[in-house]
Amino acid sequence: MTPLVSIIIPCYNAEFWIAETLQSALSQTWQSKEIIVVDDGSTDKSLAIIRKFNSPQVKVIVQKNIGASSARNRALKEAQGDFIQYLDADDLLAPDKIERQVQLLKNGNSDCVAAGEWARFLNSPKEAKILPQAVWNDMLPVDWLICSWKGGGMMPIHAWLVPHTIAQKAGIWNEQLSLNDDGEYFFRVVLASQGVKFCPGAKSYYRSEVKGSLSRKMSPSALASAFLSIELCTQHLLAREDSYRIRHSCAAAYQRFIYLAYPDVPELVQKAEAQVKLLGGSDFPIEGSRMLQFFSMILGWKVVKQIQKVIY
């Protein structure tokens with residue numbers, strides 16, 4: 001029997017992109033699919049655009065604005081597929097993305113999750129440049145998560161394909177989280193699997209630098225969400241394996257948060273610094289341009305961050 005794939009799309013005020021995103025879902029060469037779109041209380045023309053796609057293959061759900069995690073959970077309740085494909089309302093899939101990953105998982109890897117190639121773009125996927133990362137490999141769950149947290153790269157939600165059975169083991173999305181809700185969710189998904197299988201050629205495109213997007217918001221509440229996400233992921237990892245390598249990678253995640261959040265949320269930075277110390281310390285370097293790293297060596301990274309805050 002041909003496996004069914006559920007493509008889950010939460011949408012909030014994405015009138016400029018949702019039609020292109022839905023078209024990329026409908027254009028998948030994998031024919032056995034259902035598309036579930038949850039409009040999360042959009043105040044622009046998104047819902048009117050989505051309703052134009054309403055069909056036996058595209059299910060439209062409307063809810064009041066609660067958040068992307070809530071919208072994904074609502075769609076998960078409806079999903080009948082053997083596999084789950086998440087897709088944000090402004091991102092795109094290559095036409096054969098799902099077909100390649102389904103074939104990979106069907107060939108003896110049904111207890112694994114599939115990852116794929118991805119690239120950033122703003123206006124057209126033609127401008128996207130594929131830049132391989134260390135996590136673009138087959139790995140055991142804990143090894144993959146450690147590699148990612150220690151600077152080996154990330155995997156946006158649309159790059160994954162998840163067997164429904166593994167999604168059920170991982171549990172629902174945490175609706176307390178906003179920024180990095182996907183990071184915490186896929187931590188649990190990866191840990192619920194027997195491993196990550198990287199699928200060369202399964203491409204997806206991540207629209208970045210969009211004004212007002214959640215990933216660009218660094219408000220105190222967004223940073224609090226990012227901190228909570230790291231706390232939860234640390235708990236997930238330590239519950240699986242309490243070892244030096246786990247503690248070192250968790251400390252690196254907290255250290256990266258410190259670089260991100262200083263000096264905007266001093267209380268959270270202090271909490272993160274305490275966690276780094278508790279976990280044994282971190283030598284994770286500050287990330288950024290060569291100029292940032294150069295002046296950080298001369299002046300210290302905290303001074304450079306304070307100067308950046310004054311300038312920007």
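**A walk through the strands, cores and salt bridges**

Before going on, a word on the model: it is predicted, local features need pLDDT of at least 70, side-chain atom pairs count only at pLDDT 80 or more, and totals for chains, interfaces and linings use all residues. Residues are numbered from 1 along each chain as its sequence is written, and side-chain values use heavy atoms, with hydrogens and water left out.

A quick note on names: helices (H or I, at least four residues) and strands (E, at least two) are DSSP runs, numbered from the N terminus. Two strands pair if DSSP finds at least two bridges between them.

So, back to strand 4. Strand 4 and strand 7 (residues 162–163) are antiparallel and share two bridges. Strand 1 (residues 5–11) runs parallel to strand 4, with four bridges joining them; here isoleucine 8 has tyrosine 86 as its partner. Which way do the side chains of strand 4 point? Phe83 and Gln85 go one way, Ile84 and Tyr86 the other, and all are buried. Buried means under 20% relative accessible area, exposed means over 50%, and partly exposed is in between (1.4 Å probe, protein chains only). In a regular strand, side chains alternate between the two faces of the sheet.

Strand 5 and strand 8 (residues 196–207) run antiparallel and are joined by two bridges, and leucine 93 has serine 204 of strand 8 as its bridge partner.

Now the cores. A nonpolar core is a set of buried Ala, Val, Leu, Ile, Met, Phe, Trp, Tyr and Cys residues joined through side-chain atoms within 4.5 Å. The largest one has 71 residues, and Tyr86, Met155, Trp160, Phe186 and Phe257 touch the most other members. Helix 9 (residues 244–261) gives the most to this core, with 10 residues. There is also a second, separate core of 25 residues, including Cys11 and Leu105.

On to charges. Side chains of opposite charge can pair when their charged atoms come close. A salt bridge is a side-chain nitrogen of Lys or Arg within 4 Å of a carboxyl oxygen of Asp or Glu, and the structure holds 14 salt bridges. In one of them, aspartate 88 meets arginine 72 at 2.9 Å, N to O. Aspartate 88 is in the loop between strand 4 and strand 5, while arginine 72 is in helix 3 (residues 68–78), 16 residues apart. Arginine 72 is buried, at 5% relative accessible area.

Another pair is aspartate 143 with arginine 245, at 2.6 Å, N to O. This one links helix 5 (residues 141–152) to helix 9 across 102 residues. Aspartate 143 is partly exposed at 28%, and arginine 245 is partly exposed at 34%. Lys59, Arg74 and Glu78 are linked in a network of salt bridges.

Last stop: where is aspartate 90 found? Aspartate 90 sits in the loop between strand 4 (83–86) and strand 5. Aspartate 90 is buried yet has no salt bridge, and the nearest side chain of opposite charge, arginine 207, is 4.9 Å away. For charge, Lys and Arg count as positive and Asp and Glu as negative; His and the chain ends are not counted.
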